[in-house]
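Here is my note on the model, as numbered points. Please read it with the structure open.

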Amino acid sequence: MKYATIGTSWITESFISSSKTVKNMDLYAVYSRNEKKAREFAQKHGVAVYYTELSAMADDKNIEAVYIASPNVCHYEQSRFFLEHGKNVICEKPATTTKAQMEELYALAEKNSLIYTEAIMTVNTEGFRLISEKIDLLGKIRSAHFDFYQLSSKYPLYINGENPNIFNPGMHTGCLMDIGVYNLYLAAGLFGMPEKIISDSVMLPNGCDAAGSSILCYKDKIVTLNYSKVGQTYSYSEIIGDNGTFMFSSVSQLSGLYFRHKDNIEMLIPEDVSRDEIMSGEISLFLGLCESSDIYSEKYFFAKNTALTVREMCDVIRKNDGFLF
């Protein structure tokens, strides 16, 4: 499948690198508003075609799919534009700001017999498959905590008075939308929508959330989510049952995954899984759905319903915590 990319940041580089490990994913074209960037990015990745106008890219009949990794605030409009022009779309997380936007895009894709998915590692990893497969080993689960603290490389820029996208609420970014969604995806993928959400965020002076915590209240369990872009953690997240515990060092990648039962520890996924291997899961899902004769399969509806649940939880948390968007 010939695909094009929007965006020239490190995440697009990672997507292209990972796509090389997935058979039948062929980079055909790249896009940047800046012609010099577009040309250099195309040359770097060995493709002859580059665009600086989205309309021209949308008219290219050779392009079957588009990977969107533009600033968050652009995701919804660009996804809608390419779905309207007959392209399958995989959009970097967060694919939309609101649940209503995501519902609209899924409806548009289905109307046009296209695939629209969110590029998310967590629920498309080997770690998630193993947790889902072996979760009964834990016994009755009453609690879990998912902790994702990652000190942003852009934080010094903010401290020095600059306004990088990742700390700019006008770009629909911040801690929840950038890394908190990984915590939400794991909770939604395993347990669904909670009955109640209690949350609070630490806000920077410009109104951007720098860190936050959410308590997801289910009928029979409490799941606590902690996330921050202004500090680093070195501990494990856990899913805790009365017969055992899953421990993992990375919420986003579900690597460093262990099953602990009393004094016995079994390693299920090592710490040092490559990013190409981790990201290949979301790409394989997207390609498989695009190529399937039954595109709206069980895998499709799991991806869709989980994404919508995450977006609904984000809507609640943003309202609870007084976000500016």
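1. First, the classes used for linings. Ala, Val, Leu, Ile, Met, Phe, Trp, Tyr, Cys and Pro count as nonpolar, Asp, Glu, Lys and Arg as charged, and the others, Gly among them, as polar. By that scheme the lining of the largest cavity divides into 8 nonpolar, 2 polar and 1 charged residues.

2. Ground rules. This is a predicted model, in which local features need pLDDT of at least 70 and side-chain atom pairs count only at pLDDT 80 or more, while totals for chains, interfaces and linings use all residues. Residues are numbered from 1 along each chain as its sequence is written, and side-chain values use heavy atoms, with hydrogens and water left out.

3. Cavities. The search ran on a 1 Å grid over the protein atoms alone; a cavity is a set of points where a 1.4 Å probe fits but cannot get out, and lining residues have an atom within 4 Å of a point. Grid points are joined across faces, edges and corners, and a volume is the space filled by probe spheres set on the points. The whole structure has 2 cavities of 30 Å³ or more.

4. The largest cavity. Its volume is about 70 Å³. The lining includes Tyr106, Glu118, Asn124, Leu285 and Phe302. Strand S6 (116–119) and H10 each supply at least two lining residues. H10 gives the largest share, 3 residues. Helices (H or I, at least four residues) and strands (E, at least two) are DSSP runs, numbered from the N terminus.

5. The second largest cavity. This one holds about 40 Å³. Among its lining residues are Ile11, Glu92, Ala119, Tyr182 and Arg275. H9 supplies the largest share, 3 residues. The lining has 6 nonpolar, no polar and 3 charged residues.

6. The second largest pocket. A pocket is an open set of points with protein on both sides within 12 Å along at least five of seven lines. About 290 Å³ of space lies in this pocket. It is lined by 14 residues, and the closest to its centre are Asn124, Leu285, Glu298, Lys299 and Phe302. Helix H9 (275–291) and helix H10 (298–321) each supply at least two lining residues. H9 has the largest share, with 5. By class, the lining has 5 nonpolar, 6 polar and 3 charged residues.

7. Lys93. Please look at this residue closely. Lys93 sits in the loop between strand S5 (88–92) and helix H5 (99–111). Is Lys93 buried or exposed? Lys93 counts as buried, because its relative accessibility is 9%. Buried means under 20% relative accessible area, exposed over 50%, partly exposed in between (1.4 Å probe, protein chains only). A polar atom of the Lys93 side chain lies 2.5 Å from the backbone oxygen of Asp178. Contact (heavy atoms within 4.5 Å) links Lys93 to several residues beyond four places in sequence, including Asn72, His75, Glu118, Met177 and Tyr182.

8. Most residues other than glycine have a negative phi, and most peptide bonds are trans. A cis peptide bond joins Lys93 and Pro94, with omega about -10 degrees. Pro94 is in the loop between S5 and H5. Ser113, not a glycine, has a positive phi of about 55 degrees. Ser113 lies in the loop between H5 and S6, and is exposed at 53% relative accessible area. Lys262 also has a positive phi of about 55 degrees without being a glycine. Lys262 is in the loop between strand S13 (257–261) and strand S14 (264–269). Lys262 is exposed, with a relative accessible area of 69%.

9. Cysteines. How many disulfides does the structure hold? There are 0. A disulfide is a pair of cysteine sulfur atoms within 2.5 Å. Cys91 is buried at 0% relative accessibility. For Cys217, the closest cysteine sulfur is in Cys314, 17 Å away, so the gap is too far for a bond. Cys217 is buried too, at 12%.

10. Ala38. This residue lies in helix H2 (residues 35–44). Ala38 is buried, with 0% relative accessible area. Leaving out residues up to four places away in sequence, Ala38 touches Val30, Ser32, Tyr50, Tyr51 and Thr52. Ala38 and Ile6 are 32 residues apart in sequence, yet 9.6 Å apart in space, C-alpha to C-alpha.

How values were computed. A polar contact is a pair of N or O atoms within 3.5 Å; within protein, one must be able to donate a hydrogen and the other to accept it, and residues adjacent in sequence count only if both atoms are side-chain atoms.
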